[in-house]
Amino acid sequence: MREAYLQFRNVGFSGFGVQAGRQVLSYGDGRMLGGANWNANGLSFDGVLLKYDGSFLSSHVFAVQGTTSASNNPPNGPVSESTVLGNSYLGGMYNTLKSDIAWLELYGIGISRYIGADSIAAGTNFVSTSSTNLQYTSVYTFGARVTNRTDNNKLPAGRRWDFTLEAAFQTGNAPDITFTDTAGNLTTNNARKYNGKLFFAQTGYKVLDEVRVGAHVYYSPGTEDRTGSAINTFQSMPGPRFGGFPYLNVFNGISENMGLKNIFTPALTIGYESKKWGDFVLSYFYENKATPQDAWYAISGAQNSSATSTAAR
């Protein structure tokens, strides 16, 4: 079952509501939290949402279960890694300040979870994640998004130029990593911290009422020293999200199955919207690693190559 929840509106005063049960959490472009409506199962969570929606301010506070079982079965998962993680819990706040010109969104999202310890085999550069040696970790994401797409995340009628900017950073305790040092000794680093960053910029112009020309760029650096104490690779939120028409700016390189980790991606798009024929988007992506020492990563968040692969896509 995708969604099943109780909703109470205008609790105590106008605009304040409560939702409890299985529900979709979707904010902004869905870059951090979204419904993943492109796949067969979608993404929803079991939990509670407190929300206030007014003319000039929306404020949502949520606490949900991130994954429901050791097999990471939908609809409450999976989290970004592909290994068996068991239960995880997610909470946060998403605030929107509204004006006729643009909206400013400020958010903080925390995930507490058990995740497998990492290791690097001697003579390789590939990080393996254990499915049995699980450790309790937490990752906290703080960010801001500003956009003039204020009509249900689309440009209001009569306007031609659109823009969106988003930036986020992360902190929290990361799992241990075991590796062989330069002296040949087996070493464990148990002081690792998350330190990821993500930047996104998008703009476009409607040259005709049905035709939009646009550009966007992602920059999300990776980790240079994968045995060090700082994990600079941005950690994806639970479940892959996927944007689409008309902006096509939530994920990079759809055909190449690329996500938001360790990526530098400028892109150009031409979109055509027709009430009769539907929406069409032609895109050119140039995908490259932001940090050559780190790996390529899939939309799921799992690495799909060793750090030695550096070619652009």
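User: Why is tyrosine 219 called partly exposed?

Analyst: Its relative accessible area is 36%, and partly exposed covers the range between buried (under 20%) and exposed (over 50%), with a 1.4 Å probe and protein chains only; therefore tyrosine 219 is partly exposed. This is a predicted model, in which local features need pLDDT of at least 70, side-chain atom pairs count only at pLDDT 80 or more, and totals for chains, interfaces and linings use all residues. Residues are numbered from 1 along each chain as its sequence is written, and side-chain values use heavy atoms, with hydrogens and water left out.

User: What makes the pair of tyrosine 219 and phenylalanine 264 edge-to-face?

Analyst: Rings of Phe, Tyr and Trp (its six-membered ring) pair if their centres lie within 6.5 Å; planes under 30 degrees apart are stacked, over 60 edge-to-face, the rest tilted. Here the centres are 6.5 Å apart and the planes at 70 degrees, so the pair is edge-to-face. By this rule there are twelve aromatic pairs.

User: Which parts does this pair tie together?

Analyst: Tyrosine 219 lies in strand S13 (residues 211-220) and phenylalanine 264 in strand S15 (residues 263-274), so the joined parts are 45 residues apart in sequence. Strands are DSSP runs of E, at least two residues, numbered from the N terminus.

User: What makes arginine 31 a charge over the ring of phenylalanine 200?

Analyst: The rule asks for NZ of Lys or CZ of Arg within 6 Å of the ring centre and within 35 degrees of the ring normal. The charged end of arginine 31 sits over that ring, 3.9 Å from its centre. Lysine 98 likewise lies over the face of tryptophan 103, at 5.4 Å from the ring centre.

Note on methods
Helices (H or I, at least four residues) and strands (E, at least two) are DSSP runs, numbered from the N terminus.
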